[in-house]
Amino acid sequence: MGLAVVAAAGALGGCRPASTGASSEPASGEPASAAPPSSAPPPSSAPPVAPAGWVRYSQTGFSIDAPAAFTPDPAHDYTALGPGKDIKGFALTIPASLAKGTNLGADSYIAVETLPGTSPCVASAFLNSPTTAPSVTSNGITYSVATGNDAGAGNFYDETVYAVQGSSPCLAVRYFIHSLNIGNFTPGAVKAFNGPALIAQFDAIRATLVVDQKP
């Protein structure tokens with residue numbers, strides 16, 4: 001399966017990363033309002049201060065920070081949906097050091113992708129056989145969330161997609177985690193990779209996303 005930022009929910013040896021996020025609260029004295037219509041642009045907000053050694057990448061419609069050791073791919077192309085259904089975007093592949101000595105695939109990544117003509121903007125549009133998860137709000141952005149996974153020949157592919165509600169074109173962050181069946185290795189040859197730590201790293205990168213779309 002050929003695949004392309006947005007996550008898995010659970011342990012990472014063939015499971016999906018957890019989707020977490022805090023619900024937004026209305027300002028004091030203001031009534032709660034319904035979610036914005038799909039045609040409304042998402043809110044833009046200043047990113048949190050990134051840790052030392054992180055790099056800011058600015059692309060059309062968004063910007064995002066990541067550790068300098070991640071490898072940027074401005075020509076990212078997610079092809080798992082089939083012929084003629086490519087999803088273009090910007091990916092950040094994990095450092096080789098994260099996979100070395102473990103069952104984690106070095107091609108794992110986080111990516112920001114766009115899917116024109118998708119309204120409303122929902123995460124399920126970015127996956128085959130998606131499982132919808134509760135929406136989350138973080139850093140002023142409300143995300144539609146969906147997960148998906150696949151397996152074959154001792155390989156596991158776990159994904160979580162966070163689609164920015166109200167964005168146009170539809171913009172989403174994909175966590176793509178490729179791992180190998182550790183049972184296929186000689187005992188002691190490799191160790192199980194730290195799934196929660198990898199997801200936490202992807203979460204920290206997603207937290208720096210700033211959407212810059214005009215109505």
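Predicted model: local features only at pLDDT ≥ 70, side-chain atom pairs only at ≥ 80, totals over all residues.
The side chain of N103 reaches the backbone nitrogen of F193, at 2.9 Å.

N103 has its place in the loop between α1, residues 96-99, and β5. Is N103 buried or exposed? N103 counts as buried, because its relative accessibility is 3% and the cut-off for buried is under 20%.

Now the chain as a whole. It has 215 residues, and 44% of them are buried. There are 10 strands and two helices. Reading from the N terminus, the order of elements is β-β-β-β-α-β-β-β-β-β-α-β.

Next, the sheet. Seven strands make an open sheet, and their order is β3-β4-β5-β9-β8-β7-β6, with antiparallel pairing. Which strands are at the edges? They are β3, residues 71-78, and β6, residues 131-138, each of which pairs on one side only. From one strand to the next, the twist averages 25 degrees.

β8 and β9 are antiparallel and share nine bridges. Within that pairing, A163 has A172 of β9 as its bridge partner. β6 and β7 also run antiparallel, joined by six bridges. There, S138 is bridged to I141 in β7.

The hairpin of β6 and β7 has two residues between the strands, and N139 takes a positive phi in this hairpin, near 50 degrees. N139 is not a glycine. With a relative accessibility of 30%, N139 counts as partly exposed.

S129 is another residue other than glycine with a positive phi, in this case near 45 degrees. S129 sits in the loop between β5 and β6. At 67% relative accessibility, S129 counts as exposed.

Staying in the loop between β5 and β6, we also find T118. A polar atom of the T118 side chain lies 3.3 Å from the backbone oxygen of L115. Leaving out residues up to four places away in sequence, T118 touches A125 and C170. P120 belongs to this loop as well, and the peptide bond that joins S119 to P120 is cis, with omega about 0 degrees. A cis peptide bond also joins S168 and P169, again with omega about 0 degrees. P169 is in the loop between β8 and β9.

On to the helix and the core. α2 lies across β4, β5, β6, β7, β8 and β9, and runs at about 160 degrees to β9.

As a general point, nonpolar side chains in soluble globular proteins tend to be buried together. In this model, the largest nonpolar core has 30 residues. Which of its members touch the most others? They are I64, L92, Y143, F202, I205 and L209. The elements that each supply at least two residues of this core are β1 (54-59), β2 (62-67), β4 (87-93), β5 (109-115), β7 (141-152), β8 (155-164), β9 (170-180) and α2 (195-206). Apart from this core lies another, of 19 residues, including Y78, Y109, A163 and C170.

Not counting residues up to four places away in sequence, Y143 touches S135, V136, S138, Y162, A163, V164, Q165, R206 and L209. Y143 also belongs to an aromatic cluster, together with Y162, Y175 and F202.

How many does a search of the whole structure find? It finds six. A pair of rings is described by the distance of the centres and the angle of the planes. For Y109 and F176, the centres are 4.8 Å apart and the planes are at 15 degrees, so this pair is stacked; the cut-off for stacked is under 30 degrees. Y109 lies in strand β5 and F176 in strand β9, so the pair ties together parts that are 67 residues apart in sequence. Are these two residues buried or exposed? Both Y109 and F176 are buried.

That is the tour. I will take questions.

Methods: Residues numbered from 1 in each chain as written. Heavy atoms only, no water. Core = buried A, V, L, I, M, F, W, Y, C linked by side-chain atoms within 4.5 Å. Buried < 20%, exposed > 50% of the residue type's maximum accessible area, 1.4 Å probe, protein only. Helix = DSSP H or I, 4+ residues; strand = E, 2+ residues; numbered from the N terminus. Contact = heavy atoms within 4.5 Å. Polar contact = N/O pair within 3.5 Å; in protein donor to acceptor, adjacent residues only side chain to side chain. Pairing = 2+ DSSP bridges. Axes fitted to C-alpha atoms, helices over the stretch in contact; angles between N-to-C directions. Phe/Tyr/Trp six-rings, centres within 6.5 Å; stacked < 30°, edge-to-face > 60°.
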